Amino acid sequence: MKISFLGACREVGKSAFSVKTDNLRLLLDCGIKIHEDYETPVLKNLSFDACILSHAHLDHSGSIPALFKHNNPAVFSTFPTIPLVSLLLEDSVKISTYNKVPLPYTRSELNKALRKMVALAYEQEYQFFDGTKFSFLDAGHIPGSAGIALESKGKKLFYTGDFRLTKTGISTPGKLPKEADALIIESTYAFREHPDRAKLEKDLVKKTKEIIDSGGTALFPCFAIGRTQEMMELFTKNKIADVFVDGMGQRVSDIVSEFPSYVSDPESFQDALSFARPVKDRDMRKRIAKSNSIIITTAGMMDGGPVLSYLQQLKSENAKVFLTGYQVEGTNGDKLVNHQPVNFGRYSEKVTLPFEHFDFSAHAGRKELLKAIKQINPSKVFLVHGDSCEEFAADLKTQGFDAYAPALGESFDI
Ligand SMILES: [Zn+2]
Ligand SMILES: [Zn+2]
């Protein structure tokens, strides 16, 4: 088979990898990179028989509708990924309309894409007409996330998607195949380790309690998928104060609750759903903003969503911002951390509230990446989805692996 790297090459964003067998052309992921405008993978003139999607995040799914310009491929994913990706793509349309920046696809292409989605359970094998087969393995990244194990004419390829092997938050631990001839692996944290999760949780609960005990508000800008539910569960187990959930995280929580077998502790998650209260409208948002409570809200990097309204209202109040995820350079979260004015849409203003960052990553750290590579022990390993792919490839070569950091558009035969 021939693998071509169409995105996420030496960067995070627009993941897309083409796999060509004698009779079939497949696409693993079809993401988007969001800056001031939208960057798609290199899709020109290529037609695909199917797209196999690792998980709902837009850097893996955001360009899927663009495949339907001249093409009508099937799109395979796990069961929870279908409603999650549909929610995120619909939201992209709203944001694009609001910002007046056109998406790389039309409304009707988006509708076509959603109609062509087909779900498979983890470890359920699907076989194409030429004998090429694949299955999804739990990736432990967000609910429904998967690695893709593909086999064609005796050659095995494994693509990790985004993954984490240890149990974190509401996700179940990720799984790996026993072996593969070629491995495409994310390398977001090739040279970084994450802190111990249990210790991190304890520290976060302690710091949150401090602001609550002082009569203040704890504001949690959180990613809608995964982190919101994790924080809901954490502050349901540790009942320090009332918990409110605002923004897209509410809808995601409802979706996730429909797939209990995809969360690590369904009962505990149900408790969190009953304990945390949804913020229903603007009046309620105003009412609770300055209350002595915990507010979990989108967007995780503070680029839009109700979090901006809370920041405005809490300006000179007793409140603290708890960042629980990675803040990409140039986002409002990054601006807050670097004491730069935050973009509120019509104006920018410095936010002087105290803040603290906690590294609750849903990605493998260096140790887990090395563990995965050593365990699968591939003949060729391709490093993607990272800012230091080339350095990581050089590092792996010294450890005896045939490692590559593919450039955009580069192809390899395996
Ligand atoms: Zn992801
Ligand atoms: Zn990703």
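Predicted model: local features only at pLDDT ≥ 70, side-chain atom pairs only at ≥ 80, totals over all residues.
User: Which residues coordinate the zinc ion (ligand 1)?

Analyst: Donors are N, O and S atoms within 2.8 Å of the metal. For the zinc ion (ligand 1), these come from His55 (NE2), His57 (ND1), His141 (NE2) and Asp162 (OD), at 2.2 to 2.4 Å. Along the sequence these donor residues are spaced H-x1-H-x83-H-x20-D.

User: Why is the arrangement around the zinc ion (ligand 1) irregular?

Analyst: Four donors count as tetrahedral if all angles lie between 85 and 135 degrees. The four donor atoms here subtend angles of 90 to 165°, which makes the arrangement around the zinc ion (ligand 1) irregular.

User: Which parts of the chain does the pair His57 and His141 link?

Analyst: The pair links distant parts of the chain, 84 residues apart. His57 sits in the loop between β6 (50-52) and α1 (58-61), while His141 sits in the loop between β10 (133-138) and β11 (146-152).

User: Is His141 buried or exposed?

Analyst: Buried means under 20% relative accessible area. His141 has a relative accessible area of 4%, so this residue is buried. His57, at 21% relative accessibility, counts as partly exposed.

User: What are the protein donors of the zinc ion (ligand 2)?

Analyst: They are Asp59 (OD), His60 (NE2), Asp162 (OD) and His385 (NE2), lying 2.1 to 2.2 Å from the ion. The angles among these four donor atoms are 86 to 163°, and the site is irregular. In sequence, the donors of the zinc ion (ligand 2) follow the spacing D-H-x101-D-x222-H.

User: Where in the chain are His60 and Asp162?

Analyst: His60 is in helix α1, and Asp162 is in the loop between β12 (155-159) and β13 (182-186). They are 102 residues apart, and the pair links distant parts of the chain. Both His60 and Asp162 are buried.

User: Which residue coordinates both zinc ions?

Analyst: Asp162 coordinates both, and the zinc ion (ligand 1) and the zinc ion (ligand 2) are 3.5 Å apart.

User: Now the sheets. What is the strand order in the open sheet of seven strands?

Analyst: Strand order is read across the sheet, and the pairing gives the relative directions. In this open sheet the order is β8-β7-β6-β3-β2-β1-β24, with mixed pairing. The edge strands, each pairing on one side only, are β8 (117-119) and β24 (411-413). From one strand to the next, the twist averages 25°.

User: How many bridges join β1 and β24?

Analyst: Three bridges join strand β1 (residues 2-7) and β24, which pair in the antiparallel sense. Within that pairing, Ile3 stands opposite Phe412 in β24. Helix α2 (residues 81-99) packs on the sheet and touches β7 (74-77) and β8. The direction of α2 makes about 150° with that of β8.

User: Which residues have the most contacts inside the largest nonpolar core?

Analyst: In soluble globular proteins, nonpolar side chains tend to be buried together. Here the largest nonpolar core has 39 residues, and those with the most contacts inside it are Leu27, Ile64, Leu67 and Val252. The elements that give two or more residues to this core are α2, α3 (107-115) and α6 (248-257). Helix α2 gives the most, with five residues.

User: Which way do the residues of β18 point?

Analyst: In a regular strand the side chains alternate between the two faces of the sheet. Ala319, Val321 and Leu323 point one way from β18, and Lys320 and Phe322 the other way. Strand β18 (residues 319-323) is mostly covered, with five of its five residues buried.

User: Which strands are joined to β18?

Analyst: Strand β14 (residues 217-221) runs parallel to β18 and is joined to it by three bridges. The bridge partner of Thr217 in β18 is Ala319. Strand β21 (residues 355-357) also pairs with β18 in the parallel sense, over three bridges. There, Leu323 stands opposite His357 in β21.

User: Lastly, where is Gly365 found?

Analyst: Gly365 is in the loop between β21 and α11 (366-376). This glycine has a relative accessible area of 2% and is therefore buried. Leaving aside neighbours within four places in sequence, Gly365 is in contact with Tyr189, Arg192, Glu193 and His194. Gly365 and His57 are 308 residues apart in sequence and 19 Å apart in space, C-alpha to C-alpha.

Conventions. Residues numbered from 1 in each chain as written. Chains lettered and ligands numbered in written order. Heavy atoms only, no water. Donors = N, O, S within 2.8 Å, 3.2 Å for Na, K, Ca; no water. Tetrahedral: all angles 85-135°; square planar, octahedral: opposite > 155°, others 65-115°. Helix = DSSP H or I, 4+ residues; strand = E, 2+ residues; numbered from the N terminus. Buried < 20%, exposed > 50% of the residue type's maximum accessible area, 1.4 Å probe, protein only. Pairing = 2+ DSSP bridges. Axes fitted to C-alpha atoms, helices over the stretch in contact; angles between N-to-C directions. Contact = heavy atoms within 4.5 Å. Core = buried A, V, L, I, M, F, W, Y, C linked by side-chain atoms within 4.5 Å.
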